[in-house]
Amino acid sequence: LIRNALLENDSDDSAKDSIDAHPGTTVRRRLAPEDWASFNQVFEGAELWLPTVDFEERLVFPFKMTIEGCVCNNIYIDDIVLDIVPVNSTNLQVNIDIQGIHVDCVSGYSYKYGAFGNVKGSGTVYAYTKDNTAKFQLEMSSSSGWSNGPPSNFEITARDANFNIKDLDFRGGIVAGILDTFEKGMRNFVEGQLQNVAESELSSLGTDFIISSAQRLAELLFPYLSPVPSNLADPLWPQQQYVAANPSIVDTAIDFKNLEPGSVEEMVADLLSSADNMLGNVVDDETHPNGEDLGINGIVRQFLLEDDGSLWIPIGELPFFDPVLFEGHDKVSETKITIVGMRVRGLDTWTVFDPLQLLDRYTLQNFLYLKELSVDLVVDVSLRPSSFDDAIFRNGDSSIDIQERITITSGVDHLNVVLSANL
């Protein structure tokens, strides 16, 4: 059903991508590198503090080194790629690939070397990384199958981060004979710490949102996706139950099978029949390319739709609806996704509009066929640096509040509805 997703706030239209979802195929979502400029503001000025570490190597003589006060900054990413891969009828695999993670680090160091530890030194080392990536794999499954129900189980099945130091710049004394050992220890420490942070914390950049949104969607849709009980599948069942509980209905309700000529009931039936003919028959319509269309389509276009043929519903302003789709706060960021509204298209594509057909004494049946129906769901995304005391990025600009607007389009074609109403 998902046809495309569009990030609206980008100024460069050529950078916008869409997702075309087809069952059994891979769906990829990619933005151009420049599209992440606003997102990277979350990390602007932020610092990642790594813990102090001591380690010892046995060379000719014992070598002890301490790395302390390691701070990483200049943090930004180039791209986040999302792959959605249907595995089978019940499982869906979501791959999140964070590409081009840039980070530089500076650290103090000190060491002792020699039979009695008499060779000492200290200084500062700058570490510059390149080609860093982080990948995460999320599996979602639906116990009843995707055609019958939304996902019910979620599991992060893989985490893999890879950081590489391209250059080390030493400022201070270092003995040439232990330089290789020092470099190896420094590389292992910085790369290992960055990989741990990425695998344990950066996964929340995508997986938390996907899981939370899928769970919310399941809560909204699942009650309506269960099989219809056999009694409700019988269009006359409501009438039978109502008549059994209210025997006096025969004296008050309109019996469409036994109308008295000239009665008010007959006038009501005539009005319903006239409405049926006016809405369900083909009439002249200047707004349609063929010059004619079903009456219902012309009325909908004239009184309900905007000039572009859509209906805007401001869901976020409705008093009975909670517009917050996702709200999360972790050690990386504070994120809030709010539904603004939805734009419905296709409400003037009825090809069959045959309402109010007599089924029984107190029940009317409606036959409706809509050629196409699409919905644009418009959401606002607010992204701020984490305000937790133990946030992994420190000293960032807490006033930053990145705002983006995203439109997600979904739809169905050839919608056939048979609706019975007990009057």
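Predicted model: local features only at pLDDT ≥ 70, side-chain atom pairs only at ≥ 80, totals over all residues.

Reader: What makes Cys 72 buried or exposed?

Author: Its relative accessible area is 0%. The cut-off is under 20%, so Cys 72 counts as buried.

Reader: And why is the link between Cys 72 and Cys 105 called a disulfide?

Author: The name needs two cysteine sulfur atoms within 2.5 Å. In Cys 72 and Cys 105 the sulfurs sit 1.9 Å apart, which makes the pair a disulfide. By this rule the count comes to one.

Reader: Which parts of the chain does that pair tie together?

Author: Cys 72 belongs to strand 5 (residues 62–76) and Cys 105 to strand 8 (residues 102–113), so the pair ties together parts 33 residues apart in sequence. Cys 105 is buried too, because its relative accessible area is 4%, against a limit of under 20%.

Reader: How do you know which hand the disulfide has?

Author: The torsion about the S-S bond of Cys 72 and Cys 105 is about 100°, so the disulfide is right-handed.

Reader: What about Cys 70: how do you know whether it is in or out of a disulfide?

Author: For Cys 70, the nearest cysteine sulfur is that of Cys 72, 4.5 Å away. A disulfide asks for sulfurs within 2.5 Å, so Cys 70 is in no disulfide. Cys 70 is buried, with a relative accessible area of 2%.

Reader: On to charges. Why is the pairing of Arg 405 and Asp 380 called a salt bridge?

Author: The rule wants a side-chain nitrogen of Lys or Arg within 4 Å of a carboxyl oxygen of Asp or Glu. Here the closest N and O atoms are 2.7 Å apart, so Arg 405 and Asp 380 form a salt bridge. This pair links distant parts of the chain, with Arg 405 in strand 19 (residues 402–422) and Asp 380 in strand 17, 25 residues apart.

Reader: What makes Arg 405 partly exposed?

Author: Partly exposed runs between the buried limit, under 20%, and the exposed one, over 50%. Arg 405 comes in at 30%, so it is partly exposed. Asp 380, at 22%, also counts as partly exposed.

Reader: How many salt bridges are there in the structure?

Author: Nine. Another of them joins Arg 301 to Asp 348, with the closest N and O atoms 3.2 Å apart. Arg 301 is in helix 7 and Asp 348 in the loop between strand 15 (333–345) and strand 16, 47 residues apart.

Reader: What do the accessibility values say about Arg 301 and Asp 348?

Author: Arg 301 has 17% and Asp 348 has 15%. Buried means under 20%, so Arg 301 is buried and so is Asp 348.

Terms used:
Residues numbered from 1 in each chain as written. Heavy atoms only, no water. Helix = DSSP H or I, 4+ residues; strand = E, 2+ residues; numbered from the N terminus. Buried < 20%, exposed > 50% of the residue type's maximum accessible area, 1.4 Å probe, protein only.
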